Number of protein chains: 2
Amino acid sequence: VPSLAERLAAIVGASHVLTDPALTASYDVDWTGRFRGRAAMVVRPRSTSEVAAVLGECAAASVPVVPQGGNTGLVGGSVPVGVPRAVLLSLRRLSWLDPVDHDAGQVWVGAGATIAAVAGHARAAGWDFGLDFAARDSATVGGAVATNAGGERVLRHGPARAQVLGVEAVLADGRLVARAGPRGAGGVVKESAGYDLGALLAGSEGTLAVLTAVRLRLVPALPSRVVAVVGVAGTAAAQRVLSAVRRRVEGLAAAELFHADGLALVRAHTGLPPPLGSEHPAYLLVECAGQSDPTEALADALDGVAEVGDAAVATDPPGRAALWRYREAHPEAVGALGVPVKLDVSVPPTALATAETAIRAAVLAVAPAARLIVWSHLAEANLHVNVLFAESLAEQVSDAALNAVAAHGGSISAEHGIGRAKARWLSLTRSPTEIAVMRAVKSALDPRGQLNPGALFPPED
Amino acid sequence: VPSLAERLAAIVGASHVLTDPALTASYDVDWTGRFRGRAAMVVRPRSTSEVAAVLGECAAASVPVVPQGGNTGLVGGSVPVGVPRAVLLSLRRLSWLDPVDHDAGQVWVGAGATIAAVAGHARAAGWDFGLDFAARDSATVGGAVATNAGGERVLRHGPARAQVLGVEAVLADGRLVARAGPRGAGGVVKESAGYDLGALLAGSEGTLAVLTAVRLRLVPALPSRVVAVVGVAGTAAAQRVLSAVRRRVEGLAAAELFHADGLALVRAHTGLPPPLGSEHPAYLLVECAGQSDPTEALADALDGVAEVGDAAVATDPPGRAALWRYREAHPEAVGALGVPVKLDVSVPPTALATAETAIRAAVLAVAPAARLIVWSHLAEANLHVNVLFAESLAEQVSDAALNAVAAHGGSISAEHGIGRAKARWLSLTRSPTEIAVMRAVKSALDPRGQLNPGALFPPED
């Protein structure tokens with residue numbers, strides 16, 4: 001009888017079944033280094049039908065499967081931590097891009113296509129892609145949809161789920177879930193004909209099915225852009241500026257908040273000059289985009305707001321990139337000091353400033369030597385809480401911070417998902433009945449629990 | 001032992017359990033008169049907890065439940081056709097509206113609030129609601145979400161599902177599905193923390209749970225609006241005009257297509273003058289909206305398009321309403337001639353003109369005496385096919401039209417849902433595995449099949 005590895009090699013080719021630890025190491029650990037597992041083998045199919053055949057063999061062998069895209073997640077959802085004998089299923093080779101459907105403003109892409117590849121493909125065709133975040137060159141569409149990833153464009157275009165118009169996926173038993181008819185026959189813009197399985201799979205973190213292809217909504221290319229960095233007195237002042245801009249500028253495309261402490265780290269790490277002539281407790285970066293130049297509308301809106309201390313504005317691509325760099329260099333500047341505990345949370349916008357204060361206090365109560373660097377997608381009140389010098393206290397820090405979030409009516413994950421890092425806290429914000437319904441859906445689609453065990457759901461007693 | 005009616009009266013009050021046929025008649029039949037059932041009783045709870053208690057009693061009595069909102073559906077999904085002994089659960093009394101959360105741009109409303117009530121509430125608070133359609137004064141939020149309703153604003157704001165940020169719902173066994181913590185603690189703008197049950201329930205047509213409250217996204221109020229009616233040579237020409245406007249005017253808010261035959265009926269029915277100085281095979285109505293006046297941008301865009309034959313433009317509210325009337329009077333003008341077979345379908349935009357021709361031919365092949373009046377939400381290639389003088393051939397007409405739609409890669413329902421009218425054709429566009437997955441989810445949430453039996457799913461052999 002051939003072994004599982006031999007049977008899988010017969011499907012995907014021997015060179016795409018990796019068992020040598022030297023070859024599998026990069027799949028077994030996440031990029032922060034915090035989550036490390038050990039898969040029995042890494043399997044790299046190149047097509048939907050190969051994925052279906054692989055899953056069928058794994059089901060027959062009763063072997064758990066951990067799907068993985070670009071492995072850029074931050075919650076351990078894509079590495080086989082605590083999953084013995086796992087087959088790690090890498091979807092990266094499913095990187096095909098169909099021609100853009102100009103009439104529908106949509107495109108089918110393979111789950112392994114990177115966010116950057118999709119965006120480049122869309123732009124080359126005169127469109128744009130509504131999803132973007134810093135890991136764009138490695139993160140895949142499949143992973144982004146599976147975690148309902150967000151990023152810097154959510155304010156305008158919504159999270160990953162909002163980009164999904166159709167999916168192809170494979171169930172744990174190898175059955176293909178796809179629309180009737182050939183893939184190319186898709187392309188309806190609007191449909192209300194039965195449950196929206198794409199909406200269900202978005203954010204399900206590989207626990208219900210393995211995404212193999214996604215039909216994505218594209219958005220119009222907006223050629224005129226302006227970026228401003230505005231000095232403000234703090235979070236509440238930044239919210240008032242954002243509110244004024246939002247009411248008066250239709251083209252608002254991004255609103256990011258960072259603070260003096262984070263900026264100091266970024267400047268030390270990058271050698272960048274100060275963004276503004278004076279120093280401020282906090283900095284609001286806004287980007288506006290349109291068919292016509294939104295600069296004047298933005299300047300007018302900022303002019304009328306008392307909270308604006310000082311502002312730098314750029315309209316040319318290098319100048320815009322230079323301003324964005326202050327925000328985007330935060331993760332690397334923090335990472336240069338150590339391995340941070342990274343918590344992605346959201347709160348009701350009304351509670352943002354008080355929740356931020358409470359989270360800081362709660363973390364410092366359990367880890368007095370910690371240092372917190374926080375930045376936010378402001379419009380969604382989505383805080384990225386980075387806790388340095390507390391690596392050995394990761395559980396206590398997470399527990400303190402996530403309880404503070406829940407106490408303010410927030411969510412323990414805004415855009416990274418639950419993964420393995422936060423599974424034990426899911427019940428902070430999802431009720432017992434909600435979790436029971438989620439478990440019932442999981443059992444309905446994956447009755448033997450073979451897909452990504454340990455991710456998303458809290459451990460059962 | 002008290003009867004079920006007595007037990008339900010103890011929950012909702014005797015005056016809200018209706019058994020007299022004179023009182024239940026308006027609930028038993030849909031507004032087209034095409035679908036007529038007979039519920040054992042109509043029950044009208046006024047709160048989520050009453051809904052939960054009612055469903056618990058119905059489960060204990062093994063009685064099927066048909067949920068109903070404004071009963072404005074067109075596919076028989078909310079009337080107890082073929083459901084013996086049903087309790088018809090009217091959600092209309094759950095019509096509360098919470099104060100608008102200005103920081104989040106959201107509002108919690110009861111499932112029984114009408115679309116018009118929500119829109120009025122939003123506008124009074126300086127916002128707008130992204131969902132609108134002709135039945136706005138009767139249709140409820142719960143019904144709109146349950147059917148993933150669309151309408152005239154989908155082009156800009158997406159369908160009902162896209163407005164949903166959170167739900168409260170009750171399962172068949174009476175358990176409440178709601179976020180942990182008090183309702184007011186909601187209000188996060190973005191979340192990726194477990195399956196999105198709201199996205200699953202949207203479009204599930206009351207087969208999985210009964211929606212009792214929805215947290216809705218609001219959209220910015222756009223005070224400046226312009227409406228134009230443009231004469232064009234046909235569907236393909238209208239698509240080219242739309243494409244040009246879309247590329248050049250950011251504020252495009254609606255795009256509706258109707259034809260000379262429909263216009264003639266409307267004019268005969270209403271006595272309206274012709275919309276343009278000359279006659280055209282088809283008419284494209286576009287609306288643009290913005291913070292600043294979009295009239296010049298629209299005029300510029302139309303100026304450059306060869307397909308524009310003639311145009312009428314209005315910016316003042318009465319003038320805009322007068323132009324919209326040509327489109328919105330279509331249903332009543334058609335209804336005045338008889339009970340039409342109404343089919344709501346979508347096709348890939350690329351296939352719109354050919355699909356429309358094929359649908360017409362297919363219908364006339366089985367019903368040579370029929371008269372077809374078609375209008376469309378053009379951007380979504382969503383055709384409203386109205387077939388007059390074929391009432392006795394409804395099944396054959398539907399079969400012919402829906403097969404033609406499927407042959408062109410379309411969907412058998414764009415925005416009305418499947419209900420009981422189209423259940424037998426679901427497999428035209430949803431694959432056997434998709435339907436199997438949908439059935440598995442249904443069994444997971446409603447294992448005894450008590451919620452809206454006969455709706456959405458094809459009859460099993």
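Reader: Which parts of chain B cover the buried residues of α1(B)?

Author: The cover includes β1 (17-18), β2 (41-43), α3 (48-60) and β4 (87-90) of chain B. Bear in mind that this is a predicted model.

Reader: And which residues of helix α1 are the buried ones?

Author: Start with the general idea. An α-helix has 3.6 residues a turn, so residues three or four places apart point the same way. Now the case here: α1 of chain B runs over residues 4-12, and its buried residues are Leu4(B), Leu8(B) and Val12(B). They sit on the same side of α1(B) because they cover an arc of only 55° around the axis.

Reader: What comes just after α1(B)?

Author: Gly13(B), which takes a positive phi of about 95°.

Reader: Okay, on to the interface. How many residues are in contact between chain B and chain A?

Author: On chain B, 79 residues touch 77 residues of chain A. Between them the two chains bury about 5,900 Å², with 56% of that on carbon and sulfur atoms. Lys190(B), Ser192(B) and Tyr195(B) supply 17% of what chain B buries against chain A, more than any other three residues.

Reader: How many salt bridges cross the interface of chain B and chain A?

Author: The rule finds 6. One of them pairs Arg161(B) with Asp196(A), whose closest N and O atoms are 3.1 Å apart. There are also 39 residue pairs in polar contact between chain B and chain A.

Reader: Which element gives the most to the side of chain B that touches chain A?

Author: That's α15(B), with 10 residues. By class, this side of chain B has 35 nonpolar, 27 polar and 17 charged residues.

Key
Residues numbered from 1 in each chain as written. Chains lettered and ligands numbered in written order. Predicted model: local features only at pLDDT ≥ 70, side-chain atom pairs only at ≥ 80, totals over all residues. Heavy atoms only, no water. Contact = heavy atoms within 4.5 Å. Buried area = accessible area lost by both parts, 1.4 Å probe. Salt bridge = Lys/Arg side-chain N within 4 Å of Asp/Glu carboxyl O. Polar contact = N/O pair within 3.5 Å; in protein donor to acceptor, adjacent residues only side chain to side chain. Helix = DSSP H or I, 4+ residues; strand = E, 2+ residues; numbered from the N terminus. Nonpolar A, V, L, I, M, F, W, Y, C, P; charged D, E, K, R; others polar. Buried < 20%, exposed > 50% of the residue type's maximum accessible area, 1.4 Å probe, protein only. Arc of directions from axis to C-beta.
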